[in-house]
Amino acid sequence: MKTLVVYASKGGYSRECAQKIAASLTGGADVVDVKKHAHKTDVASYDTVILGGGILAGRLPGALRRFCLRNATALERKRVGLFICGTDPENHEKVFAANYPAGLLDCAVVKTWLGGRILFADQKGIMRFVLKKMLKGENDVHAEQPEALKAFVTAIETI
Ligand SMILES: Cc1cc2nc3c(=O)[nH]c(=O)nc-3n(C[C@H](O)[C@H](O)[C@H](O)COP(=O)(O)O)c2cc1C
């Protein structure tokens, strides 16, 4: 069974999740950064496709949303797993619904929030300023969910 993991990440957390998922799957997986290789990526040769990325202001990166839309018909014929990364522990259903096409949400065998993190050292300029105001300080936010990642991998292998 061939598996592809397609991710979009600004801060690196979703990339790490994609790599950990691929490394944990018994048969391994190809991992693709959709921002760099969207046009070279053909889902046709895979049995299972996992898609996921980091939420910024309620949205997945545009490159991943466009990839899902462009490949919707082909993806709906695959075993699909979807994940989102974010530091907000609530509203995941809404975030999935706002970011993935309805057909993909319907056919996905697993949809999981894998947590997220904000590292202030990675933030610059106006973004750092805005985050400092929003979070009332410059403390890193750690909301990683390693157990959710393990459960995601188990679901992909068993469902
Ligand atoms: C500017 C900004 C906006 C964010 N907005 C949200 C949000 O709306 N919901 C959420 O759950 N997390 C939000 N986060 C947290 C990110 O989703 C978290 O940092 C995640 O790990 C990002 O994934 P990435 O590192 O792969 O880019 C935000 C982070 C930043 C820096």
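1. D42 itself sits in the loop between α2 (34-37) and β3 (48-54); helices (H or I, at least four residues) and strands (E, at least two) are DSSP runs, numbered from the N terminus. A74 is 32 residues from D42 along the chain, with 9.4 Å between their C-alpha atoms.

2. A word on the basis: this is a predicted model, where local features need pLDDT of at least 70 and side-chain atom pairs count only at pLDDT 80 or more, while totals for chains, interfaces and linings use all residues. Residues are numbered from 1 along each chain as its sequence is written, and side-chain values use heavy atoms, with hydrogens and water left out.

3. Now the ligand. An N or O atom in the S9 side chain is 2.6 Å from one of the ligand's oxygen atoms. On its own the ligand has 630 Å² of accessible area (Shrake-Rupley method, 1.4 Å probe), and the protein covers 84% of that.

4. Which residues come nearest to the ligand? Of the 20 around it, they are S9, G11, S14, I55 and R117. By class, the shell has eight nonpolar, nine polar and three charged residues. β6 gives the most to this shell, with three residues.

5. The ligand sits in the largest pocket, meaning that more than half of its atoms lie within 2 Å of the pocket's grid points. A pocket here is an open set of points on a 1 Å grid over the protein atoms alone, where a 1.4 Å probe fits, with protein on both sides within 12 Å along at least five of seven lines; lining residues have an atom within 4 Å of a point. Elements that give two or more residues to the ligand's shell are α1 (13-24), β6 (115-118) and α7 (125-134).

6. About 910 Å³ of space lies in that largest pocket. Of its 34 lining residues, I55, L56, A57, T87 and I118 are the closest to the centre. α1, β4 (79-85), α5 (92-99), β6 and α7 each give two or more residues to the lining.

How values were computed: Near = heavy atom within 4 Å. Polar contact = N/O pair within 3.5 Å; in protein donor to acceptor, adjacent residues only side chain to side chain. Nonpolar A, V, L, I, M, F, W, Y, C, P; charged D, E, K, R; others polar. Points joined across faces, edges and corners; volume = space filled by probe spheres on them.
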